[in-house]
Amino acid sequence: MSAEIRLDVVNSHDIEESELSSINGEVTLNDRVNATYKVFNDIRKQGNESITNIVTNAERRAFTDRFSRGKRAAVDNSVILPVVDDEKREHGSGKKAAGPLLSGTAYCISSCSMILLNKVVLSSYNFNAGVSLMFYQNLISSLVVVVLGLCRVVSVEKLNWKLIRVWIPVNLIFIGMLLSGMYSLKYINIAMVTILKNMTNILTAIGELYIFRKTQNQKVWTAMFLMIISAVTGGITDLSYDAVGYAWQILNCVLTASYSLTLRRVMDEAKKSTRSGSLNEVSMVLLNNLLSLPFAIFLIILLGEWEYVINVDVTKLPMFWVVATASGFLGLAISFTSMWFLHQTGPTTYSLVGSLNKIPISIAGLVVFKVPLSVSNLFSILFGLFAGVFFARAKLS
């Protein structure tokens with residue numbers, strides 16, 4: 001069956017070439033064979049005619065056939081094909097316009113909502129069990145990815161002990177990054193958390209310089225200097241300054257930079273540990289969330305959080321669990337929407353939108369939680385947001 005299909009393709013290709021050559025006025029081998037066949041056929045039917053007249057008539061008919069085919073092909077090319085191309089082009093342009101807009105909107109909404117909901121759970125509900133909250137959110141993410149993988153909606157790499165052993169160092173840093181981020185968000189307002197997170201870019205750039213020997217251009221170092229100024233002035237003018245919160249955030253910056261740098265070094269080794277020789281983003285999401293669960297259980301028991309979760313009144317409120325569950329789904333949504341948005345656009349647009357997305361997050365945090373704000377502190381926050389956007393532009397130049 002496959003041989004017949006290949007033969008049909010070859011034949012149709014030969015026909016197209018024959019017609020195209022006829023349009024250009026060239027006589028191909030097929031045309032000569034057809035003309036010769038017609039010559040002998042006419043000799044048989046008209047034995048009394050001269051060979052010269054028969055050949056002349058046959059060539060005349062062959063020329064007429066070539067001319068008619070050429071004319072028909074020219075009409076087809078000039079009338080039918082452009083209409084089909086226009087329809088495809090219009091349909092394709094509609095998809096291209098809608099894809100980046102939808103994916104970018106979904107990424108921004110999920111990112112903003114995740115931060116706001118975590119702030120609500122930790123501050124508004126005064127929930128003092130960050131490890132338990134992380135465990136609950138990661139459990140939801142793991143279950144959703146496993147279900148999607150079983151339904152074959154997403155492709156998930158099969159886990160093995162060799163891959164797990166390679167990934168454990170990355171996962172430990174991932175857990176520390178999540179916990180330090182939660183505790184800093186409990187004590188500091190969202191706008192200042194966003195500004196201080198810019199320090200992660202500086203630490204990552206320094207790590208790239210010493211570990212990977214990757215140098216940065218002058219614009220990048222200028223942007224990082226502006227980030228340092230914005231972080232220092234923001235801390236000095238912060239009316240709700242909390243030393244514990246700032247300490248957690250500094251630790252979060254160190255761990256986030258370490259996670260990024262360690263992930264680059266471990267990735268190649270992790271790919272060698274899989275059956276397919278690759279490791280996609282969904283598999284990394286499952287690895288991080290699933291492997292964090294036993295470590296989280298150990299910390300919950302060690303810190304005695306399980307007693308607090310059982311006895312605290314806030315866990316008896318249905319709305320608390322609605323918000324906590326929503327934050328778990330949003331955490332997973334950020335992973336998927338960021339991959340979707342990156343696929344629809346590219347690293348340049350993704351990086352710039354990620355930097356610009358800090359602006360609505362900061363404004364929403366100031367308004368929703370009614371943060372006490374001075375003019376100088378507001379200027380520091382805006383200056384820090386500008387430095388973040390300038391850094392993203394400088395990295396891509």
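Predicted model: local features only at pLDDT ≥ 70, side-chain atom pairs only at ≥ 80, totals over all residues.
Residues are numbered from 1 along each chain as its sequence is written, and side-chain values use heavy atoms, with hydrogens and water left out.

**Salt bridge**

- The count comes to one salt bridge, a term that stands for a side-chain nitrogen of Lys or Arg within 4 Å of a carboxyl oxygen of Asp or Glu.
- R264 forms a salt bridge with E208, and the closest N and O atoms are 2.3 Å apart.
- Because R264 lies in helix 9 (residues 243-272) and E208 in helix 7, the pair ties together parts that are 56 residues apart in sequence; helices are DSSP runs of H or I with at least four residues, numbered from the N terminus.
- E208 is buried, with a relative accessible area of 2%, whereas R264 counts as partly exposed at 40% relative accessibility; buried means under 20% relative accessible area, exposed over 50%, and partly exposed in between, with a 1.4 Å probe and protein chains only.

**The buried lysine K186**

- K186, which is placed in helix 5 (residues 161-187), is buried yet has no salt bridge, and the nearest side chain of opposite charge, D242, is 9.7 Å away; for charge, Lys and Arg count as positive and Asp and Glu as negative, while His and the chain ends are not counted.
- The side chain of K186 makes a polar contact of 2.8 Å with the side chain of N128, where a polar contact is a pair of N or O atoms within 3.5 Å, one of which, within protein, must be able to donate a hydrogen and the other to accept it, and residues adjacent in sequence count only if both atoms are side-chain atoms.
- A polar atom of the K186 side chain also lies 3.0 Å from the backbone oxygen of L122.
- Not counting residues up to four places away in sequence, K186 touches K119, L122, S123, N126, F127 and N128, contact being heavy atoms within 4.5 Å.

**The buried asparagine N288**

- N288 lies in helix 10 (residues 281-303) and is buried, with a relative accessible area of 5%.
- The side chains of N288 and W167 are joined by a polar contact of 3.0 Å.
- Apart from its neighbours within four places in sequence, N288 is in contact with W167, V170, N171, F174 and Y259.
- Although N288 and F174 are 114 residues apart along the chain, their C-alpha atoms are separated by 7.1 Å.

**Nonpolar surface patch**

- I206, Y210, I211, F212 and W221 make a nonpolar surface patch of about 480 Å²; patches are made of residues with over 30% relative accessible area and no salt bridge, with like charges joined within 9 Å and nonpolar side chains (Val, Leu, Ile, Met, Phe, Trp, Tyr) within 5 Å.
- Helix 7 (residues 198-211) gives the largest share of the nonpolar patch, three residues.
- F212 lies in the loop between helix 7 and helix 8 (218-237) and is partly exposed, with a relative accessible area of 34%.

**Positive phi in loops**

- R152, in the loop between helix 4 (130-150) and helix 5, has a positive phi of about 65° although it is not a glycine, and R152 is exposed, with a relative accessible area of 76%.
- K370, in the loop between helix 14 (358-368) and helix 15 (375-396), has a positive phi of about 50° although it is not a glycine, and K370 is exposed, with a relative accessible area of 72%.

Notes
Areas by Shrake-Rupley, 256 points an atom, 1.4 Å probe, with all protein chains shown as cover. Helix = DSSP H or I, 4+ residues; strand = E, 2+ residues; numbered from the N terminus.
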